[in-house]
Structures are given as C-alpha cells and as structure tokens.
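Colleague: I have the model open and want to go through its contacts with you. Can you take me through them, starting with the charged pairs?

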Amino acid sequence: MTKRPTSPTGRPWHAAWLPDEALRPAGRRRVRLLADGDDPVLTTLRDELVRATGLHGGAVVHDERAHLTLALASDARVLPALSGAAGRALDLVRRPGVDGELGRQGFVVGRDGEALVVVAATPVGLLAGWHHVLRTGEPLFDEQVFDGVSGLVEHLPAVAIRKLDHWDNIAADSPMGPVERGYAGASLWFADGRLRDDLTRVHDYARLLAHVGVNAVCVNNVNVHERESALLTSGLDQVARLAEVFRAQGIRTYLAVDFAAPITSGALTTSDPLDDDVRAWWADAAAGVHAAVPDFGGFVVKADSEGRPGPFAYGRSHADGANLLARALAPYGGTVFWRAFVYDHRQDWRDRSTDRARAAYDHFTPLDGQFDENVVVQVKLGPVDFQVREPLSPLIAAMPRTRLAMELQVTQEYTGQQRHACYLAPLWREALDFRPWGPLDPARPGRTVADVVRGDGTLAGALAAVANVGDDPFWTGHPLAQANLYAYGRLAWDPTLAPSALLDEWLALTFPGCDERVRATVHAVLDDSWRVYESYTAPLGVGFMVKPNGHYGPDVDGYEYSPWGTYHFADRDGIGVDRTRATGTGFTGQYPAPWCDVYESLDTCPDELLLFFHHVPYTHVLHSGSTVVQHVYDTHVAGAQATERMRETWREVRGLVPDAVYARVAERLDEQVRSAAEWRDQVNTYFWRKSGIPDPAGRVIP
C-alpha cells in the first residue's frame, strides 16, 4: 500500500519544499541569535533555530563561538565584530521612499572570521535571512564570495508587497465551490461555513510562504458572497485568528470586500462613495478590523466587473470608489488593491468593434493621478484573462502617476488546472523582462515591467497572484505544480532569477539529496512544459478555445457566440481578431512606441501573437515559413507527442521519489496525455473543416 505523504512532524500532508532534511546545513552547526524582544516573528525565528539544531545535532549558543550568527542591527551594532554589518543594515532602512521600505525587509550577509553572519534592521528581514541560509545550504558556509570592499552582501526584495490572493469561500456549497478556480481540494482554513478549529496546516503553509518571500495574503474570494462579506463585520474573530498565524511569519492579512457591503450588511440603502453615511460606515468598518487585526494589510476589491457591484451604479468613477476605502484605511496604514479587471460581459458577439481587451485601459487611463497614495491598481498580466499566451496589458505602461501591481495566476485556470504539468515561471519571467517602451527610449532607457511594478519615489508597487493551494495532501493537487508557487514567491523577491535555476532550488529543497536522475527528469518534464501546453491548445495567441464555465478541455466555439466575448472570428477564409488601428478595434494604439507599430504590422507582429492582433487567411505565411493552418496541424501533433514523452520520462524516477509523489504525478500525466490528444483532434479537425485545407503531411485527422 502506498504511504500517505507526511509533513516533517508526521502530519498527513507533503512537506513541500521545507522537509526536515533541508534544515541540515544550518542545523548541524552552532547557531547564535542576537535579538531581544517578544516580537512574534522573532519567536518564530527562535523556534526555527531550536528545531533545526535539535534535529541535526547542532546547538543554539549565546557566545561568539557560533558558526552562524543571526542578529538584529540594534543588538549587533555594539559588538565590534558586527558593527559594520549592523551599520549597513541600518543604512538600508534610511534610504528614502521605496528604497527604505525594501531595506526594512532586507538583510546583509558577511563573515566574522570563520563564522557566517546575517544582520537585518527588522525581525522580518532577519527571518528572510534565515530562509536565505536554508535555501543556499552548505555552499553559503563553505564557498560564498563576499563584496571585496566591505565583506558584506545586501539582499533586498525587488518589490515591497508580494501578495497571494486566495479565492476561498466560507461555504462549501458556494456557487463556485469551496475555492473558486481551485484545483487542489477545499480551503486550507474554511470548512463547514466557518474557520477551521485546527489551523496547524495553515501554520505550515505560512512558513512555506515566508520561505519564498510572500509577505501578504488575501484570505477570501474576490467574488465576495454574502457569508464572506460578513468577515468584515461579524466574522472579525475568525480573521484575527488567521492573521495571528500569518503575522508570526511576517505576512500581513488582507480581506476581499464587497463594494455594496453597507447595503448587504443591512445598515444602509446605498453604497454611493460620495455619500456621507457610506463614508462613515466604511470608516467604522476599518476601525473595527484594525482593532481586531492591528497589522491588517487592507482590502482587495473587484468592482463593476462580471456583475460585481461598484461605483458605476451611482455615476461615480473607480477612483471615487477606491479612494472611499483608502481614506477609511489611511489612519491605520492600510492599502486598497483595486482590480482593473473591468469589462462588459454582456457584449453583442455580432459587433466586431467591441473588444474586451481594450476595457481596462479605456476605464483606467483617464483616472491616472486621481487615486490616493494608499491605492494600488491591480492589473492582470494580459489584457484578456490569464491565457496561455497574451501580450502584456498596455495599462501597465499607461499610468505613471498611479501605484500599480501586476496580477499573475498561479492557479492554472487556463493552463491545465493542475491536471497538466505547466511550469509558469518562464511566462512570468518573460513578462517581467518586457520593455514596454522598447530598449532605446531615452526617457526610460531599458525600463522593464519589473521596474514599473517596483514603483518610484514614495509610491511602492506590488506583485499579486491568485493562489493554487488547497487541502489536498500535496497542497497543489499536482505535486509538480508546487514549483509554480515556489517560483512566484522567488520572482516577486528577485525578478532576475532564471526559471531553470528556480526549479533547481525547488528540487533541492523538496527532494534533498535526491539522485541526479530526479533532477534531470523533472527538468525534462517541466522546462518546456508551458510551451508544450501552448502547442496543443489555442494557437498563435488566439485564446479561449475552452469549455465554458469550467474552462477545462477544448471547445473551439464555446465562447465564440457568447456575451462574454468573441475570441477568434473563424470563418471559411481566415481566423483571428483584427485589433489594428487601420481596420480593427484600435487596440494596438493603446501601446506606446515601438510596440503600437510592431503589433500593427503583419510584417513585424510576433508569430505567437499573430491571431491576437490580426485576422488572416489560413494560408498566411508566418515568419517561421509555415502557413497558419500548417502551424496548427504541426504544433498540435507535436504537443500531444511531447506529453507522451513527458509521461515516459517520469517513469524513470520510480523508486527515486516517494511512492505517493510518483503515483500522483503519473496519474496526472496520464490525464495530460489524454487531454492533449483531445485538444489535437478537436482543434485540427476544426481548422480542417473551416479551411478545407487537408494536412499536407498526410496525417489522418478524425
């Protein structure tokens, strides 16, 4: 019988990337902590040191004979050997604006003779330093190269707020299930209509998030139903219990709120953001949540989108709505994350001038500079909806006077729903590296998306992502989907990290000391898995060839005649959406130069985005030399074949990874092979019937 996966303490779930063995390099040494006080994060750090050394034969010591010293700068600066590191750590927080905020979360690493030294100005920074030690392992003690001038290396996050949005519902019978777009079981913290009594697993989860650098968590669904709305009022005791768990790991708690809460609570008959009673209601609500959760992060809001209530009902703007909540939170240091996912979901599919991709830009760019400083406009990576291939949302380059967050989707709604192996770090890294103004704009020389979401001056930006965990024993349903959660946190801390290197980090921590064949196999399965998934699903950036509602599996015309949008306009002559300025919806004009012209022209538009921007004949020749229809036939056959190779490759690690992990991945790969064949057959058949052009390679299309 296959053993159930267990955590380091024998709990019935997989340990993910911090099993006991990962603590060995630090835990076998003498470790010293120089930090006074009862801060909850310091308590966590003390517990970490005691546990690591207790497991692996080291010791927590209180003198200079330590192999590893972790110190708060305020405690270390009086010691001559540590004063330099302490001074550097304190200098980090003295930097102005965003730089100082990043400095408060960072740490410095150096040496004191034979000893390794980690110093930070704050407990949060010191905990981050401890996780750096665990992640780097033995090389940090034996081979680390330090700055030749000062002997110190600074480690700072690139982005101040690194947030995960959980789409968890209190009620299991919610219209979208216990977790909306969740593919790994029920909620980690809600069950039976309330917060779980036992939050042990939430403690383990918070520790995993702290390790990768996540420092903010929204605990409920952005589609706020009636029972979840009550978390802001009668459910604050539940929020406080959750916040206590996350606080101990340096993570702030956020709530998704219903813009119509003054009405749904029964207190008022309006939620007009300019109404004095509405303002007073939100001020009281913010005071109440702050009293229960003193370090409360703030609100996440989905308004005037997909039927959610918002300021439009009163003739008000998104800035009016966001500022209402921001001013209620401002006395307590809270932040409003206002989602820019706003579009008309009751479109006329016959109208070719209607373009869902335009909506966020059209709604929000006129409001640039009108949002309060504690509002962050949260923009999806692409202009439509987390498709496997989209251009970057032009809104990210269009609001220089507004704090922005880019929103990613770790949960694999449109990328295989954690039934398919699809490593998303290459997609995210490509987006973070994108230069919206091109490489030669003298006003913004080489500025990347990562630079934009970092923020400027005093206005810090953010990265946000929809979480992918549930109460499944493997956390993410597909064990290899844990790599996506790991990579998100690490890229949010350092967007220059290579996806392949992140996979190595995750592997070393998840399967410490594993056979080299495990590393080679996981890389063979995951390195190109995003592009493999793209190859057998919607081609050339066209998107949305999925079954409505559930979004799993092929249905080429499933949304094509739907009020939610029209996505490919296939007819007997061609396919794709004309979004050009010359003859289409004008969407290309939302991009700054040079991209507005790159996307406008068939001569320069990248192949992978061709059908997103252009309607072309099936015989149109791509830059690759293939016609559109031949590309579809070839890639869908090749993609299905690649999944078969992935399945065969995985069989090489039987006996080299835990039996339960092996079996779950093998089961998911079986489903991926089946699904990829279904995608291949349906998409290729559709294109054959529409175009009348058979596969020149002579392959039989069902």
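Modeller: Arg308 forms a salt bridge with Asp258, with the closest N and O atoms 3.6 Å apart. A salt bridge here is a side-chain nitrogen of Lys or Arg within 4 Å of a carboxyl oxygen of Asp or Glu.

Colleague: What does the pair tie together?

Modeller: Arg308 sits in the loop between strand E12 (298–301) and helix H13 (318–329), and Asp258 in the loop between strand E11 (252–256) and helix H11 (261–264), so the pair ties together parts that are 50 residues apart in sequence. Helices (H or I, at least four residues) and strands (E, at least two) are DSSP runs, numbered from the N terminus.

Colleague: Are Arg308 and Asp258 buried or exposed?

Modeller: Both Arg308 and Asp258 are buried. Buried means under 20% relative accessible area, exposed over 50%, and partly exposed in between, with a 1.4 Å probe and protein chains only.

Colleague: Before we go on, what are the ground rules?

Modeller: This is a predicted model, where local features need pLDDT of at least 70, side-chain atom pairs count only at pLDDT 80 or more, and totals for chains, interfaces and linings use all residues. Residues are numbered from 1 along each chain as its sequence is written, and side-chain values use heavy atoms, with hydrogens and water left out.

Colleague: How many salt bridges does a search of the whole structure find?

Modeller: The search finds 50. Among them, Arg327 bridges to Asp372, with the closest N and O atoms 2.7 Å apart. Arg327 lies in helix H13 and Asp372 in the loop between helix H14 (359–364) and strand E14 (375–380), so this pair ties together parts 45 residues apart in sequence.

Colleague: And Arg327, buried or exposed?

Modeller: Arg327 is exposed, with a relative accessible area of 53%, whereas Asp372 is buried at 19%.

Colleague: What about Asp355, which side chain does it meet?

Modeller: Asp355 meets Arg579 in a salt bridge, 3.0 Å from N to O. Asp355 is in the loop between strand E13 (335–339) and H14, and Arg579 in the loop between strand E19 (574–575) and helix H21 (595–600), so the pair ties together parts 224 residues apart in sequence. Asp355 is buried, and so is Arg579. Elsewhere, salt bridges with shared partners join Arg28, Arg29, Glu138 and Asp142 into one network.

Colleague: Switching to the core. Which residues have the most contacts inside the largest one?

Modeller: Trp189, Tyr205, Phe246, Trp282 and Met406, in a nonpolar core of 217 residues. Such a core is a set of buried Ala, Val, Leu, Ile, Met, Phe, Trp, Tyr and Cys residues joined through side-chain atoms within 4.5 Å. Helix H24 (residues 659–691) gives the most to this core, with 11 residues. A second, separate core of 14 residues includes Leu34, Ala73, Leu82 and Leu90.

Colleague: Last topic, the open sheet. What is the order of its 6 strands?

Modeller: The order is E2-E1-E3-E5-E4-E6, with mixed pairing; two strands pair if DSSP finds at least two bridges between them. Strand E2 (59–61) and strand E6 (152–155) stand at the edges with a single partner strand each, so one side of each has no neighbour in the sheet.

Colleague: How many bridges join E3 to E5?

Modeller: Strand E3 (residues 68–72) and strand E5 (residues 115–120) run parallel and are joined by 5 bridges. Ala71 stands opposite Val119 in E5.
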